[in-house]
Every structure is written in C-alpha cells, then in structure tokens.
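Please read it with the structure open beside you.

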Amino acid sequence: MAAEVGTVVTHRRYVPYSHAHYAGNLVDGAYSLGLFGDVATEMCIRTDGDEGLFASYSDVQFRAPVRAGDVLEIRCELTRVGTRSRVMDFAVYVVARGAATDERPGAAEVLAEPILATSATGTVVVPA
C-alpha cells in the first residue's frame, strides 16, 4: 500500500491500574504520546514498509483525563505525504470507563459518546 492522504489506523487499548500515576487513578499525558507512537508505527509499516521515526509534534492538547480502567481508541489519520515525511493527526478517545463500587469493584461501562482525551499533530520520517 502506498502512502495516501486519508489513510486511517485505529488501535484499542485497556489502561491497566499499574499505569495510574496521580490521585484519582489519573494517567500521565505521556501515556497518550506513547500510544500515538504505536499507531504511527503501524501507519508507516502499512504505507511505507518501514517503522519510520517520529520527528516532531506540532500540536498536543490534553482535553480530558485518562484514568486507569479506561478503554481507549487511538486514531491516526495521514494528512500529508512528503518525499520522506508523513504528517498525521492523532486522537485518543475514552470509549469505556471503570465504574467501580464497593459491591462491584470490577464494574465498568461503555460510554454513550466517546470522550476526546488527547489530540495532536505529528511528523514521522521514513527512508527514501
């Protein structure tokens, strides 16, 4: 498959409680950036047959909290194709969230509407 604007790659990931970093089971923002790297790697493999290397972010916005127990959808869309550069838009959506109670410590629910937690634009380079 050749690199084509509009190509989308989506991952889903459960956030384990071992990743909670702050009070309220909050996960640090770097967690989302790591997920962006994973989905960008798959994009480059699919479009260029190489893992590529992340070069930069031009915009990162933390819009809502990510918590341990969340199920996340990570979306990457290829928005620009250069000779070696690939510009991608990224988004992390919370699609399910833990809803623990004393009676049901493992309770969770699928959200009626996904919550946009983190967005970014990034540039990856691939070999010529």
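1. Which residue forms a salt bridge with Asp70? The partner is Arg97, and the closest N and O atoms of the two are 2.8 Å apart; a salt bridge here is a side-chain nitrogen of Lys or Arg within 4 Å of a carboxyl oxygen of Asp or Glu. Arg97 belongs to strand β4 (residues 85-98) and Asp70 to the loop between β2 (53-62) and β3, so the bridge ties together parts that are 27 residues apart in sequence. Both residues are buried, where buried means under 20% relative accessible area, exposed over 50%, and partly exposed in between (1.4 Å probe, protein chains only).

2. On the basis of these values: this is a predicted model, in which local features need pLDDT of at least 70 and side-chain atom pairs count only at pLDDT 80 or more, while totals for chains, interfaces and linings use all residues. Residues are numbered from 1 along each chain as its sequence is written, and side-chain values use heavy atoms, with hydrogens and water left out.

3. The whole structure holds six salt bridges, among them one between the side chains of Arg12 and Glu73 at 2.8 Å, N to O. This pair links distant parts of the chain, since Arg12 sits in strand β1 (residues 8-14) and Glu73 in strand β3 (residues 71-81), 61 residues apart. Arg12 counts as exposed, at 54% relative accessibility. Helices (H or I, at least four residues) and strands (E, at least two) are DSSP runs, numbered from the N terminus.

4. Within helix α1 (residues 30-48), Arg46 and Glu42 are four residues apart and therefore separated by about one helical turn; they form a salt bridge whose closest N and O atoms are 2.6 Å apart. Arg46 is partly exposed at 48% relative accessibility, and Glu42 is also partly exposed, with a relative accessible area of 23%.

5. The five strands form an open sheet in the order β1-β3-β4-β5-β2, with antiparallel pairing; two strands pair if DSSP finds at least two bridges between them. Because β1 and β2 stand at the edges with a single partner strand each, one side of each is left without a neighbour in the sheet. The twist averages 25 degrees from one strand to the next, with axes fitted as lines to C-alpha atoms (for helices over the stretch in contact) and angles running from 0 to 180 degrees between N-to-C directions.

6. Strands β3 and β4 pair in the antiparallel sense over 10 bridges, and Cys76 stands opposite Phe90 in β4. Helix α1 packs on the sheet, touching β1, β2, β3, β4 and β5 (108-125), and its direction makes about 140 degrees with that of β1; contact means heavy atoms within 4.5 Å.
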